[in-house]
Structure formats: C-alpha cells, structure tokens
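Student: Could we go through this structure together? I am new to it.
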Amino acid sequence: MRIERNGDASAVVTSDDTELTIIGNKSVQTRDCSGQDVQLQGDDNQATLTGTCQGLALVGNRNRVTLENVATIEVTGNDNTVHWRGTKPEITTIGKGNTVAKAE
C-alpha cells in the first residue's frame with residue numbers, strides 16, 4: 001500500500017493484478033489499468049486512467065475521471081464527470097448532476 005500526499009490532498013492507492021483502488025480527496029492521479037477494476041472513492045479528485053480498464057466504480061462528489069477504454073462505469077454521488085474513449089461501456093449512475101459521456 002502506498003500513501004501519497006500533495007499539499008491539502010492525500011490519497012491511499014493500492015493495486016494488485018485485478019484491482020486498482022484510490023481513496024482520498026483532492027488528489028490528481030494518472031494510472032495505467034491493465035485489465036483491472038478501478039475503485040475511486042472520495043471528493044474533488046481528478047483521475048486519468050490509461051489502458052483498458054475492466055470497470056470503474058466511482059463513489060463521491062465532484063470527481064473528474066477520463067478513461068481510455070472501459071467495459072462498465074458505475075457512478076454513485078453528485079456532480080461527477082466521467083469521459084471515456086473507445087466502445088460505449090455499460091453505464092449506471094445514482095445521484096444528481098452526474099455526466100457520463102464519450103470524450104470528444
């Protein structure tokens with residue numbers, strides 16, 4: 001397990017062959033997900049996920065996530081923005097003001 005701190009932001013990032021987990025607030029992350037599921041929990045995070053992700057489970061508020069390729073996206077919270085490239089994933093959102101769309 002690795003703990004990262006940057007100013008007021010902090011994040012706990014763990015990774016294994018099947019899952020990448022980012023827990024924290026106000027962090028900025030760029031990570032490669034090589035077929036992993038991604039869990040992102042917290043508020044006001046910015047994440048760029050490269051490679052092919054199995055799925056994204058986002059829980060929190062005011063997060064911004066960009067993915068290259070992903071099979072499923074689940075968003076729980078408010079005012080989150082998720083953009084993906086590639087084939088349209090299966091999308092589930094719970095909350096208000098969430099935007100999940102293909103990147104232009």
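Tutor: A search of the whole structure finds 1 disulfide, meaning a pair of cysteine sulfur atoms within 2.5 Å. This is a predicted model, where local features need pLDDT of at least 70, side-chain atom pairs count only at pLDDT 80 or more, and totals for chains, interfaces and linings use all residues. Residues are numbered from 1 along each chain as its sequence is written, and side-chain values use heavy atoms, leaving out hydrogens and water.

Student: Which residues form the disulfide?
Tutor: Cys 33 and Cys 53 do, with their sulfur atoms 1.7 Å apart. The pair links distant parts of the chain, 20 residues apart: Cys 33 is in the loop between β4 and β5 (37–43), and Cys 53 is in strand β6. Strands (E, at least two residues) are DSSP runs, numbered from the N terminus.

Student: Why is the disulfide left-handed?
Tutor: Because the torsion about the S-S bond of Cys 33 and Cys 53 is about -60°.

Student: Are Cys 33 and Cys 53 buried or exposed?
Tutor: Both Cys 33 and Cys 53 are buried. Buried means under 20% relative accessible area, exposed over 50%, and partly exposed in between (1.4 Å probe, protein chains only).

Student: On to another topic: where is Arg 62?
Tutor: Arg 62 sits in the loop between β6 (46–61) and β7 (64–78). Its relative accessible area is 43%, so Arg 62 is partly exposed. Arg 62 also has a positive phi of about 60°, although it is not a glycine. Most residues other than glycine have a negative phi.

Student: And where is Lys 26?
Tutor: Lys 26 is in the loop between β3 (19–25) and β4. Lys 26 is not a glycine either, yet it has a positive phi of about 60°.

How values were computed:
Helix = DSSP H or I, 4+ residues; strand = E, 2+ residues; numbered from the N terminus.
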